[in-house]
Amino acid sequence: MLRTLTARLFARATLASIFFPVCFSFVLAKDEMTSSLLIGNARIDVRIEGSALRVPAKDVFRWVQSAAESVTAYYGCFPVPQLLIRITPFEGRGVRNGMTFGDRGGRITIRVGNETSVSELASDWMLTHEMVHLAFPSVDDSHHWIEEGLATYVEPIARIQAGHLKVEQMWLDLVRDMPQGLPQAGDRGLDHTHTWGRTYWGGALFCLLADVEIRRQTNNAKGLEQALRGILDAGGDIRKEWNLEDALAAGDRAVGVSVLQPLYAKMKDKPVSVDLDKLWIQLGVQADGAGVRFDDSATLAAIRRAITARASAADAEPSSSRSLAVFAGRAVGSP
């Protein structure tokens, strides 16, 4: 769940897609399987180390495809033209230790337990989280909260838009987890308080507030999604190092209202209290811990619905309307 440009401290579509096995070829490599996925104009190379995974390779590639579909649904295109994903098995089950890097055109390392089931892969959020990191420029370490906050906030929305997560689950999780992002005693603002809660959920809180406010000011015509697309369109992906202020300015220009820069100025150097209970009521989210109900008569109910709605097809990259999986290479070690 971390990202980096090179060796920094923090390692940081339209999509009922069609999955076609096109060709097989063999290369000289021991105990490694390599295949490629094409989605829109982007190529994703997937390398599975060793032969310990019990889950079928086709299900591993489907997991990668689902994450790529999700990110493409949100951004309208896959964030980088080429990506390498290296999957390392470990003893046990689950998905762990995702890391995203901006070198070599973009790469992700991630570990998958050798006992992981197909259903566990299908419900995984971590790979989508890591792919979201690809879509924002690398910024100074003091702003790590925006990198992790964006990935935390965007990941479930992207999965909903691609049909891989139910909207009720996202809002239930936000109501449960967002309080971890509120400032505690001694907090000095997002740029100066590097706790886990403020980095991940404080950053996600910034994103939620920005999304709601952009939609308020544009009469729900645009949101954070369009701001982030604007940053990406301006060349701001993980391969580039930007000042955070420049990235936020690009986002504000994309939506035509000034929200990201003023909100950052407000939250960067001092704690800002947010009445989350009031915000949930305004959005029409009623959660009881076990489930969630929506009040469509609430003041901001239309904004809540728009946050998870898929953008119009006209906003998406035309070539992303069809994704194609290609088994470009397969290498298996000697028995």
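Rings of Phe, Tyr and Trp (its six-membered ring) count as a pair if their centres lie within 6.5 Å; planes under 30 degrees apart are stacked, over 60 edge-to-face, and the rest tilted. The model here is predicted, with local features needing pLDDT of at least 70, side-chain atom pairs pLDDT 80 or more, and totals for chains, interfaces and linings using all residues. Residues are numbered from 1 along each chain as its sequence is written, and side-chain values use heavy atoms, leaving out hydrogens and water.

**Exercise 1.** Classify the pair Trp 145 and Tyr 264, and say which parts it ties together.

*Solution.* Start with the total: the structure has five aromatic pairs. In this one, the ring centres are 6.1 Å apart and the planes sit at 20 degrees, so call it stacked. Next, place the residues: Trp 145 is in helix α4 (residues 144–161) and Tyr 264 in helix α9 (residues 260–267), so the pair links parts 119 residues apart in sequence. (Helices are DSSP runs of H or I, at least four residues, numbered from the N terminus.) Finally, widen the view: Trp 145, Phe 206 and Tyr 264 make up one aromatic cluster.

**Exercise 2.** Decide whether Trp 145 and Tyr 264 are buried or exposed.

*Solution.* Buried means under 20% relative accessible area, exposed over 50%, partly exposed in between (1.4 Å probe, protein chains only). Trp 145 comes in at 2%, so it's buried. Tyr 264 has 4%, so that one is buried too.

**Exercise 3.** Work out how Trp 196 and Tyr 200 are arranged.

*Solution.* Their centres are 5.6 Å apart with 25 degrees between the planes: a stacked pair. Both lie in helix α6 (residues 196–217), four residues apart, about one turn of the helix.

How values were computed:
Helix = DSSP H or I, 4+ residues; strand = E, 2+ residues; numbered from the N terminus.
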